[in-house]
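Please open the structure in your viewer and keep the sequence panel beside it.

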Amino acid sequence: MTTHGNDSTRVSDFLLNCFVRSPSWQLWLSLPLSLLFLLAMGANVILLITIRLEVSLHQPMYYLLSIVSLLDIAVCLTVIPKVLAIFWFDLKSISFYACFLQMYIMNCFLSMESCTFMVMAYDCYICHPLKYPSIITDQFVVKAAVFILARNALLTVSIPILSARLHYCGRNVIENCICANMSVSRLSCDDVTINRLLQFAGGWTLLGSDLILIFLSYTLILRAVLRLKAEGAVAKALSTCGSHFILILFFSTILLVFVLTHVVKKKVSPNVPVLLNVLHHVIPAALNPIVYGVRTQEVKQGIQRLLKKGW
């Protein structure tokens, strides 16, 4: 904390105080959290290497899956090592600028992941065998990646900038394991109404619109699949897009639970939103590559060949 004459104090760093009411949670959470982190890192790296080395996986669908894996790795590395450092070594301090950088990466990359799922749902919806190769091309994936990057990098940057410009005049203890926007901005002496409105509007505009389009796409897919007459066509179509849908459920369900706990926060322990906030950054990342490895035959065979070469 830096002092500037008289009684005015400017915060130069923050302290992340994870579980204020139940400090013992840190002890029993550290082991499963570290295992989930190692699983997320290892599984996503194996998936990326498999897609890179297996020529049969050089397809738009798997390129999009690679984007999801890269985003999962980046978000995990941004959040989980710091949380484990707090749990194990009580390293609660985080610098002023590092805090807002973490805030930006979390908001930006989670929005990118949501947007990627939306593109994957579109990829799944183009199910006509004659139209698919002309629509979903490598060039389409490049354009989609640029759109995902540009949209979310630009539309999420205002939240950490506005939060960083607030006047923090003394209090620097964040009651969270991460630098979530509202956990940080409530420490400010200024009015944070604009920050709250921006967080709400940004969340529902980006994530909300993505989820609406995703579920609309899968509704149309289901309707189209049920009209198929060929033997085994329904099962094959559902298997192809089922993995996509499971990944989206992992991503959206825990996010929905997190939002609901904030809505009824007076009825739940304040530790519950903090716990969900941490788990949301690691559980989907750990489960996504496993789901694809188990449900997608091409990926499963590619991983098996990769492991055999490794041995």
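**First stop: helix α10**

Select N271, P273, V274, L275, L276, N277, V278 and L279, which are the buried residues of α10. Helix α10 spans residues 271-279 and is mostly covered, since eight of its nine residues are buried. Please bear in mind throughout that the model on display is a predicted one.

Next, select residues 25-53 for α1 and residues 60-89 for α2. Two packed helices are described by the angle between their axes and the distance between the axes. For α1 and α2, the packing angle is about 155 degrees and the axes lie 9 Å apart. The two helices, α1 and α2, are therefore roughly antiparallel to each other. Viewed as a crossing, α1 passes α2 in a left-handed manner.

The crossing of α2 and α11 is left-handed.

In general, an α-helix has 3.6 residues a turn, so residues three or four places apart point the same way.

How many salt bridges does the structure hold? There are three salt bridges in the structure, and each may be visited in turn.

Begin with E54 and R305, whose side chains meet in a salt bridge at 2.8 Å, N to O. E54 lies in the loop between α1 and α2, and R305 lies in helix α12 (residues 297-310), so the pair ties together parts that are 251 residues apart in sequence. E54 is buried, with a relative accessible area of 11%, whereas R305 is partly exposed, at 36%.

Now select R151 and D210. Their side chains meet in a salt bridge at 2.9 Å, N to O. R151 belongs to helix α5 (residues 138-155) and D210 to helix α8 (residues 193-226), so this pair ties together parts that are 59 residues apart in sequence. Are R151 and D210 buried or exposed? R151 is buried, with a relative accessible area of 14%, and D210 is buried as well, with a relative accessible area of 0%.

Finally, select D90 and K92. These residues form a salt bridge in which the closest N and O atoms are 3.8 Å apart. K92 is partly exposed, with a relative accessible area of 24%.

Remain at D90 and display its backbone. D90 lies in the loop between α2 and β4 (93-95). What is the phi of D90? D90 has a positive phi of about 60 degrees, although this residue is not a glycine.

Select A150, which is found in helix α5. A150 is partly exposed, with a relative accessible area of 34%. A150 and M112 are 38 residues apart along the chain, and their C-alpha atoms are separated by 9.4 Å.

**Last stop: D191 and L166**

Move to D191, placed in the loop between α7 (181-185) and α8. D191 is exposed, with a relative accessible area of 61%. Then select L166 also. How far apart are the C-alpha atoms of D191 and L166? Their separation is 8.6 Å, while D191 and L166 are 25 residues apart along the chain.

Notes
Residues are numbered from 1 along each chain as its sequence is written. This is a predicted model: local features need pLDDT of at least 70, side-chain atom pairs count only at pLDDT 80 or more; totals for chains, interfaces and linings use all residues. Side-chain values use heavy atoms; hydrogens and water are left out. A salt bridge is a side-chain nitrogen of Lys or Arg within 4 Å of a carboxyl oxygen of Asp or Glu. Helices (H or I, at least four residues) and strands (E, at least two) are DSSP runs, numbered from the N terminus. Buried means under 20% relative accessible area, exposed over 50%, partly exposed in between (1.4 Å probe, protein chains only). Axes are lines fitted to C-alpha atoms, for helices over the stretch in contact, and angles run from 0 to 180 degrees between N-to-C directions. Angles under 35 degrees count as roughly parallel, over 145 as roughly antiparallel, 65 to 115 as roughly perpendicular and the rest as oblique. A crossing is left-handed if the near helix is turned anticlockwise from the far one by less than a right angle, and right-handed if clockwise.
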